[in-house]
Amino acid sequence: MAYFKINGSDFSSLVSGMKVGYEVLVSDNSGRNAAGDTVIDIINRKYKVYITFRHMTDEEMNGLMNAIKPYVVEISFRDPETKALTTINTYTGTPEPEYYTIQSDLVIYKPMNLNFIQL
């Protein structure tokens with residue numbers, strides 16, 4: 001089952017963990033009023049998807065890095081609220097690939113965390 005895609009390409013096999021944040025954006029007019037009551041003016045709701053990628057080979061990391069290179073990408077992920085794939089436009093956090101081992105015929109990367117923030 002595909003549960004994480006970048007620009008239509010399935011990267012689910014590289015995912016070892018996924019967390020979905022439901023951010024509520026409020027206006028500057030939110031807060032306490034003169035009577036001391038809390039007033040909240042919700043202006044939008046956005047997703048923030050936190051992905052943990054498993055150990056990857058050189059080819060797998062290359063494919064991921066090329067997929068996120070545009071910085072603004074469309075992702076599809078399994079939304080716990082709807083239990084279905086949700087597709088959103090996002091920008092990415094800073095990718096920081098870290099080598100686990102570099103040998104003459106084998107390159108492996110450590111697990112990497114990357115955030116996708118809805119535009």
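Predicted model: local features only at pLDDT ≥ 70, side-chain atom pairs only at ≥ 80, totals over all residues.
**Exercise 1. A second case**

Which loop holds N7? Find its phi and its exposure as well.

*Solution.* Start with the place: N7 lies in the loop between β1 and β2 (9–10). Next, the backbone: N7 is no glycine, but has a positive phi of about 50 degrees. Last, the surface: N7 has a relative accessible area of 42%, so N7 is partly exposed.

**Exercise 2. The nonpolar core**

Which residues touch the most other members of the largest nonpolar core? Then follow one of them through its contacts.

*Solution.* Step one: the core has 24 residues. F4, I6, F53, L64, I75, F77 and F116 touch the most other members. Step two: ask which elements supply the core. Those giving two or more residues are β1 (4–6), β3 (15–26), β6 (42–53), α1 (58–68), β8 (72–79), β11 (106–109) and β12 (112–118). Step three: take F116. Leaving out residues up to four places away in sequence, its contacts include F4, I6 and I75. Among the others are Y47, V49, I51, I68 and V73. F116 also touches K48, T90, Y91 and T92.

**Exercise 3. Nonpolar residues on the outside**

Which residues form a nonpolar patch on the surface?

*Solution.* The patch consists of V24, V26, I40 and I42. Together they have about 340 Å² of accessible area. Now take I40, in the loop between β5 (38–39) and β6. Its relative accessibility is 56%. The cut-off for exposed is over 50%, so I40 counts as exposed.

**Exercise 4. A threonine in a strand**

Is T86 buried or exposed? Name its strand and its contacts.

*Solution.* First the strand: T86 belongs to β9 (residues 84–92). Then the area: T86 has a relative accessible area of 16%, so T86 is buried. Finally the contacts: beyond four places in sequence, T86 touches Y47, I75, S76, F77 and D79.

**Exercise 5. Salt bridges**

How many salt bridges are there? Describe each pair.

*Solution.* The count is two. Pair one: E60 and R54, with the closest N and O atoms 2.8 Å apart. E60 is partly exposed at 23% relative accessibility. R54 is partly exposed too, at 27%. Pair two: K110 and E98, at 3.2 Å from N to O. This pair links distant parts of the chain. K110 is in the loop between β11 and β12, while E98 is in the loop between β9 and β10 (99–103). They are twelve residues apart. K110 has a relative accessible area of 30%, and E98 has 42%. Side chains of opposite charge can pair when their charged atoms come close.

**Exercise 6. Strand order and pairing**

In which order do the strands of the three-stranded open sheet stand?

*Solution.* The order is β7-β11-β10, with antiparallel pairing. β7 (56–57) and β10 each have a single partner strand, so they stand at the edges with one side left without a neighbour in the sheet. Four bridges join β10 to β11. One example: Y99 has Y109 in β11 as its bridge partner.

Now turn to β8. β8 pairs with β1 over three bridges, in the antiparallel sense. There, K5 stands opposite S76. β8 also pairs with β9, antiparallel, over eight bridges. In that pairing, R78 stands opposite L85. The hairpin of β8 and β9 has four residues between the strands. K83 takes a positive phi near 60 degrees in this hairpin.

Note on methods
Residues numbered from 1 in each chain as written. Heavy atoms only, no water. Core = buried A, V, L, I, M, F, W, Y, C linked by side-chain atoms within 4.5 Å. Buried < 20%, exposed > 50% of the residue type's maximum accessible area, 1.4 Å probe, protein only. Contact = heavy atoms within 4.5 Å. Patch = residues over 30% accessible without salt bridge, like charges linked within 9 Å, V, L, I, M, F, W, Y side chains within 5 Å. Areas by Shrake-Rupley, 256 points an atom, 1.4 Å probe, with all protein chains shown as cover. Salt bridge = Lys/Arg side-chain N within 4 Å of Asp/Glu carboxyl O. Pairing = 2+ DSSP bridges.
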